[in-house]
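Notebook open, structure loaded. I'm jotting things down in the order I looked them up.

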Amino acid sequence: MMTPWFAPILWDGSYNIDILNAQFHQRHVRIGLTVFAIKKYTVFMKTFIETAEKFFMVGYKVNYYVFTDRVKEMPNITLADGRQLVVLEVPSYKRWQEVSMRRMEMIRDNSSKRFINEVDYLVCVDVDIKFTDEVGVEILSDVFGTLHPGYFRAPREHFTYERRKASAAYIPPDEGDFYYAGGYFGGTVEEVYMLTSFCHSEMMTDKGNNIEAIWHDESYLNKYFLYHKPTKVLSPEYLWDDNIEVPEVLKRRRSVIVPKNYNAVRNR
Ligand code: UDP
Ligand code: MN
């Protein structure tokens, strides 16, 4: 329930949501949820927004920031009071890996330009997920990451960090706390700016050297968190993969990965 640097690891039962809601409502906290729906990934949008309306930060001011190259394919969904959908038109990149990685740059740029004036916290997630249980202000903190569902019980040797010294995402074999998921992180706008700025510039360094980290943006994120420890860590309750057998310790699944046909959505 606690990292060795005393950051809470969020499992069901480790917090009292009523106390937290009282604190966060007192601060009139505003939350931005960033999501990318580039090219064929627009197919995930409807479920994403509909389930977020049911479960994500209910009762708070929420801005959905949707980055897309296909504005016309955005679903028209009526949102609850205090919630709005902001569509940000962005270019698409050819390779799906690059689409995924360039999210860092776009979140960085919009953090200083726009998010800083509109919200207090950002939550940055993949679009190919659906919310299936409550996600509230318990997750909010200066900077947070999420334990990858595939590795939360794995020993460090099994973590799929970047292991080539030539890459800026390199992590030595005797370092690394957790394996964090690339598709679920956040924090204050200032902290997310610093995180995305680091990841993007390290990616660009690698690009200049003709190298790309093994798991793209996820590898750079793991490097960032090694030397800038998160102030909260979300358990895999927050990002579960239903292909994995549900262990005893997992009492709730708050969002789950939507299965996808890779050939039908990638590079389309
Ligand atoms: N993405 C996108 N269009 C693409 C490829 C990726 O919008 O063509 C975005 C989308 O938000 C997606 C995220 O990048 O959820 C990460 O890609 P993906 O989900 O395919 O990676 P995985 O979770 O399978 O590793
Ligand atoms: Mn995904």
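This is a predicted model: local features need pLDDT of at least 70, side-chain atom pairs count only at pLDDT 80 or more; totals for chains, interfaces and linings use all residues.

I started with Tyr 151, which is found in the loop between β7 (143–146) and β8 (184–188). For the labels: helices (H or I, at least four residues) and strands (E, at least two) are DSSP runs, numbered from the N terminus.

Residues are numbered from 1 along each chain as its sequence is written, chains are lettered from A and ligands numbered from 1 in the order in which they are written, and side-chain values use heavy atoms, with hydrogens and water left out.

My cut-offs are under 20% relative accessible area for buried, over 50% for exposed, and partly exposed in between (1.4 Å probe, protein chains only).

Next I looked up what Tyr 151 touches, with contact meaning heavy atoms within 4.5 Å. Leaving aside neighbours within four places in sequence, I got His 158, Phe 159, Thr 160 and Tyr 179. I also checked Phe 178, which is 27 residues from Tyr 151 along the chain; their C-alpha atoms are separated by 8.1 Å.

Tyr 170 is found in the loop between β7 and β8. Tyr 170 is buried, because its relative accessible area is 17%. Not counting residues up to four places away in sequence, Tyr 170 touches Glu 162, Arg 163, Arg 164, Lys 165 and Lys 223.

Lys 223 and Asn 222 sent me to helix α6, where both are among the buried residues. How many residues of α6 (residues 217–227) are buried? I have 10 of its 11, so the helix is mostly covered. What do they pack against? The buried residues of α6 pack against α3 (96–101), α4 (103–118), β7, β8 and α5 (189–208).

From there I moved to Arg 103, which lies in helix α4. Arg 103 counts as buried at 13% relative accessibility. Its contacts, not counting residues up to four places away in sequence, are Phe 36, Val 125, Asp 126 and Asp 217. Asp 217 is one of the buried residues of α6.

Asp 126 took me to the metal. Which protein donors does the manganese ion (ligand 2) have? I find Asp 126 (OD), Asp 128 (OD) and Asp 128 (OD), lying 2.1 to 2.4 Å from the ion. Donors here are N, O and S atoms within 2.8 Å of the metal (3.2 Å for Na, K and Ca), and water is not among the atoms, so sites may look incomplete. Asp 126 counts as partly exposed at 23% relative accessibility, whereas Asp 128 counts as buried at 5%.

Last, the whole protein. I count 7 helices and 10 strands. The C-alpha atoms fill a box of roughly 50 × 45 × 35 Å, taken along the principal axes. Buried residues make up 54% of the 268 residues. Of the contacts with a separation of 6 or more, 76% come from residues 24 or more positions apart.
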